[in-house]
Amino acid sequence: MESKHADQAKVKAKLSTMHSKVICCKLYVSESQNAMVVDALSRIGQKDPEVILLSKFEDEYYNRVRYTLVSYITGDSSTGEVVFSPIRKVLLAMIEAAFSAINLEFHCGTHPRIGVVDDISFHPLSQAATMEDAAQLAKLVASDIGNGLQVPVFLYAAAHPSGKSVSAVRRELGYYRPNHKDIQWAGQVLPDTLPMKPDVGPTHVSRERGATMVGAKPFVESYNVPILCKDIPTVRRITRRVTGRSGGFPTVQALALFHGDNCTEIACLLDPDHVGADQVQWLVEQIAEEQGLEVDKGYFTDLSRDIMLERYFKMVSSAD
């Protein structure tokens, strides 16, 4: 019995040391209508037992899929630099597979994007993990993509030298401007020669692969609110009143996106430490009521930070 308790103590000590710094990565790929490709990327994300694919969110109208991966980071205590994270190798394999299977020239969806691999965001999850940990890992992955795969990479937030926000990068690239029917993004949206110099990689953009954004920032929650209306300009005006840029919630970012024959969604990013989904839902309903519009109940597209940590530790504990 004492031997069994000793073994359990060793396992807990190992988990405590190895998994004390836990990082979350959200990989956004411009595809959801080809199930074979989406499932193939999922299988790659599940090959390494030290990396947990916690969730996946697909949207047919957006033609976009998000994979949420969680793993640990180890570092050199003397320098504070990231030495290793198994998530890096898994990400590179998923990214290479995405580039092999998806051609941006044939892609069309109602969510903006600049590339096959549109965005990769890193977030510290556990208390021991820092924003610097997330930023260092983001820059390593950016180098893998930009220098290794020769795809232009734009850094943002903590991964960017001056902390430029993702929305600022996107505005400079014309990210928010649809190029098809005023509601869709079709084919390559960037010029062959980019309007601004990438932080990593070539200045010439492939029409098949596009470009990629990579950043590190505090954990955010994604919450979408459907409005039963296809009048995009009206819903855009509602969206502006919800966000911090136009007098709404300071930490909320949002987009109005076409989502079917009679639905436009307000896709929100929330800082859960400062604003809740119920507050956003209430404000959207109040503003929409002024316009005589009906609002459906919103929904989260991913797990909360606490649930991510709980499931991660449960899964790695059972694996060990």
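Analyst: Start with helix α2 (residues 35-45) and helix α3 (residues 86-101) in this predicted model. Their axes come within 9 Å and cross at roughly 160 degrees. An angle over 145 degrees counts as roughly antiparallel, so α2 is roughly antiparallel to α3. The crossing of α2 and α3 is right-handed.

Now look at the residues that touch. From α2 come V37, L41, I44 and G45. They meet V90, A93, M94, A97, A98 and A101 in α3. Sort the residues of this contact by class: nine are nonpolar, one is polar and none is charged.

Stay with α3 and turn to helix α4 (residues 131-148). The axes of α3 and α4 come within 10 Å. They cross at roughly 35 degrees. This crossing is right-handed. On the α3 side, the contact uses I87, R88, L91, L92 and I95. On the α4 side, it uses L137, L140, V141, D144 and I145. By class, the contact of α3 with α4 has eight nonpolar residues, no polar ones and two charged ones.

Next comes the pair formed by helix α6 (residues 232-242) and helix α7 (residues 277-290). Their axes are 10 Å apart, and the packing angle is about 135 degrees. α6 and α7 are therefore oblique to each other. α6 passes α7 in a right-handed crossing. I238, R241 and V242 of α6 make the contact with V280, L283, V284, I287, A288 and E290 of α7. Here the classes are seven nonpolar, no polar and two charged.

Now for the buried parts. How many of the eight residues of helix α5 (residues 166-173) are buried? Six are, so α5 is largely enclosed by the rest of the structure. The buried residues are V166, S167, A168, V169, R170 and L173. What do they pack against? The partners are strands: β7 (117-124), β8 (153-157), β10 (212-216) and β12 (253-258). Just after α5 sits G174, with a positive phi of about 75 degrees.

Follow one of those strands, β10, to A216. Is A216 buried or exposed? Its relative accessibility is 1%, so A216 counts as buried. Leaving out residues up to four places away in sequence, A216 touches F122, M131, A134, A135, A138, Y156, A157, A158 and A159. A216 and S165 are 51 residues apart along the chain, and their C-alpha atoms are separated by 10.0 Å.

Finally, look at the cysteines. How many disulfides does a search of the whole structure find? It finds zero. A disulfide needs the two sulfurs within 2.5 Å. C268 is in no disulfide either, as the nearest cysteine sulfur, that of C263, is 13 Å away. Both residues are tucked inside: C24 is buried at a relative accessible area of 0%, and C268 is buried at 2%.

Technical notes:
Residues numbered from 1 in each chain as written. Predicted model: local features only at pLDDT ≥ 70, side-chain atom pairs only at ≥ 80, totals over all residues. Heavy atoms only, no water. Buried < 20%, exposed > 50% of the residue type's maximum accessible area, 1.4 Å probe, protein only. Axes fitted to C-alpha atoms, helices over the stretch in contact; angles between N-to-C directions. Helix = DSSP H or I, 4+ residues; strand = E, 2+ residues; numbered from the N terminus. Parallel < 35°, antiparallel > 145°, perpendicular 65-115°, else oblique. Left-handed = near helix turned anticlockwise from the far one by under 90°. Contact = heavy atoms within 4.5 Å. Nonpolar A, V, L, I, M, F, W, Y, C, P; charged D, E, K, R; others polar.
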